[in-house]
Amino acid sequence: MKVNKDRPKMQKYTVKDFRKQFPDDDACLEYLKDLLYPHGIFCDKCQAVTRHHKVASRRSYSCQGCGHHVHPTAGTIYHKSSTPLTDWFYAVFLMASTRCGISAKQLERELGVTYKTAWRMFHQIRSMLDDSSNKLAGRVEVDETVLGGKAAIRRKYENKTIVAGAVEREGSVIAKVVPNAQADTLIPFIKRNVNKNSMIYTDEWKSYQTLGKLGYGHRTINHSLRAYVINDIHTNTIEGFWSLLKGGIRGVYKHASKQWLQNYINEYAFRYNRRHDETPMFLSFLCQARKSAG
C-alpha cells in the first residue's frame, strides 16, 4: 500500500502542552463551556444568549441578567463526579496518547486513585467513543473474527465473542459485537454500515454469498486455498485492524469481558479512524464530550 506523502501529519500534543492548557479545574471547565456553547450560553429564563460568569467553588456559570445557573458537565461523563476535572482530562490524555491504550492499573498509579475509580473512569471515557454514525462507501473490506477464550480455530465459534467489521480502504472502520456469523446477522450489519453500490471484498465465508444480489459489488479471496492477495482483491486492511485490536487487548488489558467488549472496540476504532487527522488525538477525545451531552 502506498503512503501518501502529502497527507498532513497529526500535531504532537505533549504532557507539557497538557499542563499548560489545563493547569486546574477552572481551565477544564472553561474548555467544556466553550466546547458545548461555542456561540455563547442561551439562558432559558432570559430566552437569549447572555453573558455568564463562573460561580466560585462550583462547576457552573451564572447568567449575568437573571442569575440562572448552567452546568457544562451536565449530560457528560463528568457529571456528578467527585473526581477533579484535571484528573478526568489527564485520564483522557493518557488514553489518547498511545495506539494501544493503557490499563486501569496504570491510571491508578498515575492519579493515586483506587482501581475501582480508575476502571470506572476508563469505562466512562470509552462509552463516548462510538464512531459508527456514518456509512462506509467505495472499496470496503468486510470480515468477522472471534475474541476471548483459548486460541480460536477458524470457523469454530463456541464460547467465543464474535465481532463483525467493515473498513474503507484508506478510510474508517466500523466494528460491532454480533451474536453469530450467519447471513441473517452479517448481511443486516453490512446494510446498516455500508452504502449500496460499494465494492465489498470478503473471504469465502458462505454468509457473504448474497451480497451481489443486494446491490453491492462483491469480490472474494479464498483463504482456504492459501490465497491472500490477487490484484486488488484482499482483506488485508480489516485483518490489520483485527491484529491491532487483539494485540492491544492481549498486551494491555489481558482480557475484556463480553459485557464491555464493545466499548474496548470503540476505543480502538476511534483511534484508527483519526490516524491521519491533524487534530491531536487528545483533543479529538475531549470533543466527544459534546456528543455525550447530546
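Helices (H or I, at least four residues) and strands (E, at least two) are, in what follows, DSSP runs numbered from the N terminus.

What I present is a predicted model, in which local features need pLDDT of at least 70 and side-chain atom pairs count only at pLDDT 80 or more, while totals for chains, interfaces and linings use all residues. Residues are numbered from 1 along each chain as its sequence is written, and side-chain values use heavy atoms, with hydrogens and water left out.

I begin with the loop between β7 and β8, where Glu170 is found. Glu170 has a positive phi of about 65°, although it is not a glycine. For accessibility, buried means under 20% relative accessible area, exposed over 50%, and partly exposed in between, with a 1.4 Å probe and protein chains only. Glu170 counts as partly exposed because its relative accessibility is 36%. A second residue with a positive phi, about 55°, that is not a glycine is Asn231. Asn231 lies in the loop between β10 and α7 (236-253), and its relative accessibility of 72% makes it exposed.

Next, the sheets. Two strands are said to pair if DSSP finds at least two bridges between them. As for angles, axes are lines fitted to C-alpha atoms, for helices over the stretch in contact, and angles run from 0 to 180 degrees between N-to-C directions.

How do the strands of this sheet join? β6 and β7 run antiparallel and are joined by 8 bridges; Asp143 stands opposite Gly165 in β7. β6 and β9 pair in the parallel sense over 3 bridges, and the bridge partner of Arg139 in β9 is Met199. Strand β9 (residues 199-202) also pairs with β10 in the parallel sense, over 4 bridges, with Thr202 opposite Thr220 in β10.

Is β6 mostly covered or mostly uncovered? It is mostly covered, with 8 of its 9 residues buried. Contact, here and below, means heavy atoms within 4.5 Å. Helix α6 (residues 183-193) has as its buried residues Thr185, Leu186, Ile187, Phe189, Ile190 and Asn193. Their cover includes β6, β7, β8 and β9.

There is also an open sheet of 3 strands, β3-β4-β5 in order, with antiparallel pairing. β3 (52-54) and β5 (69-70) are at its edges, each with a single partner strand, so one side of each has no neighbour in the sheet. Strand β4 (residues 61-63) and β5 pair over 2 bridges in the antiparallel sense, and Tyr61 has Val70 in β5 as its bridge partner.

In the loop between β5 and α3 we find Thr83, which is buried, with a relative accessible area of 7%. Leaving aside neighbours within four places in sequence, the contacts of Thr83 are Arg59, Trp88, Thr117, Arg120 and Met121.

I turn now to helix packing. The axes of helix α4 (residues 104-111) and helix α5 (residues 115-126) come within 8 Å and cross at roughly 115°. From α4 the contact involves Ala104, Lys105, Leu107, Glu108 and Leu111, and from α5 it involves Tyr115, Ala118, Trp119, Met121 and Phe122.

Finally, the cores. A nonpolar core is a set of buried Ala, Val, Leu, Ile, Met, Phe, Trp, Tyr and Cys residues joined through side-chain atoms within 4.5 Å. The largest has 41 residues, of which Phe22, Tyr78, Phe89, Ile125, Phe282, Phe285 and Leu286 touch the most other members. At least two residues of this core come from each of α2 (25-36), α3 (85-96), α4, α5 and α9 (281-292), and α3 gives the largest share, 10 residues. Not counting residues up to four places away in sequence, Phe285 touches Val92, Met95, Ala96, Ile125, Met128, Leu129, Phe270 and Arg271. Another core, of 20 residues, lies apart from the largest one, and among its members are Val142, Ala166, Tyr208 and Leu211. In soluble globular proteins, nonpolar side chains tend to be buried together.

Thank you for your attention.
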